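Colleague: May I ask you some questions about this structure?

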Amino acid sequence: MAFRVGGGGGNASSGMGVAEHSVNTFLELQRKKVHRYVVFKIDEKKQEVVVEKTGGPAESYDDFTASLPESDCRYAVYDFDFVTSENCQKSKIFFVAW
């Protein structure tokens, strides 16, 4: 997953940037497994994507879904761990547009 870092630099097609903290938090989930999930929201004033909430490695999918607002838009990533039929531990990161 590639991010264009904010700090005023928006995406050419949308004008929306991504806060540096958002990029770093995603990389912590992806590389260090520090978070189970990250929920992002759009900060209208700054015109950038910011971190709203993170879930610790022990949190479940139910915790993740409970952290999403009932009637508002969010973006999120969820790190799903599973075991294959060959008994291999695997992990996939899902992007969610809510």
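Modeller: Please do; we can begin with the sheet and then turn to the salt bridges. Please note that this is a predicted model.

Colleague: In what order do the strands of the sheet lie?

Modeller: The sheet is open and has 5 strands in the order β1-β3-β2-β4-β5, with mixed pairing. The edge strands are β1 (17-18) and β5 (89-97), each of which pairs on one side only.

Colleague: Which helix packs on the sheet?

Modeller: Helix α1, residues 20-32, packs there and touches β1, β2, β3, β4 and β5. The direction of α1 makes about 40 degrees with that of β3.

Colleague: And in what sense do β2 and β3 pair, parallel or antiparallel?

Modeller: They pair in the antiparallel sense, over 7 bridges. The bridge partner of D43 in β3 is E48.

Colleague: Changing topic, how many salt bridges are there?

Modeller: The structure holds 4 salt bridges. One of them joins D79 and K33, whose closest N and O atoms are 2.9 Å apart. D79 is in strand β4 and K33 in the loop between α1 and β2, 46 residues apart.

Colleague: Is D79 buried or exposed?

Modeller: D79 is buried, because its relative accessible area is 2%, and the cut-off for buried is under 20%. K33 is partly exposed, at 38%.

Colleague: What does R36 pair with?

Modeller: R36 forms a salt bridge with D81. R36 lies in the loop between α1 and β2 and D81 in strand β4, so this pair ties together parts 45 residues apart in sequence.

Colleague: Which residues are linked in a network of salt bridges?

Modeller: E52, D72 and R74 are linked in this way. Between R74 and D72, the closest N and O atoms are 3.2 Å apart.

How values were computed. Residues are numbered from 1 along each chain as its sequence is written. This is a predicted model: local features need pLDDT of at least 70, side-chain atom pairs count only at pLDDT 80 or more; totals for chains, interfaces and linings use all residues. Side-chain values use heavy atoms; hydrogens and water are left out. Two strands pair if DSSP finds at least two bridges between them. Helices (H or I, at least four residues) and strands (E, at least two) are DSSP runs, numbered from the N terminus. Contact means heavy atoms within 4.5 Å. Axes are lines fitted to C-alpha atoms, for helices over the stretch in contact, and angles run from 0 to 180 degrees between N-to-C directions. A salt bridge is a side-chain nitrogen of Lys or Arg within 4 Å of a carboxyl oxygen of Asp or Glu. Buried means under 20% relative accessible area, exposed over 50%, partly exposed in between (1.4 Å probe, protein chains only).
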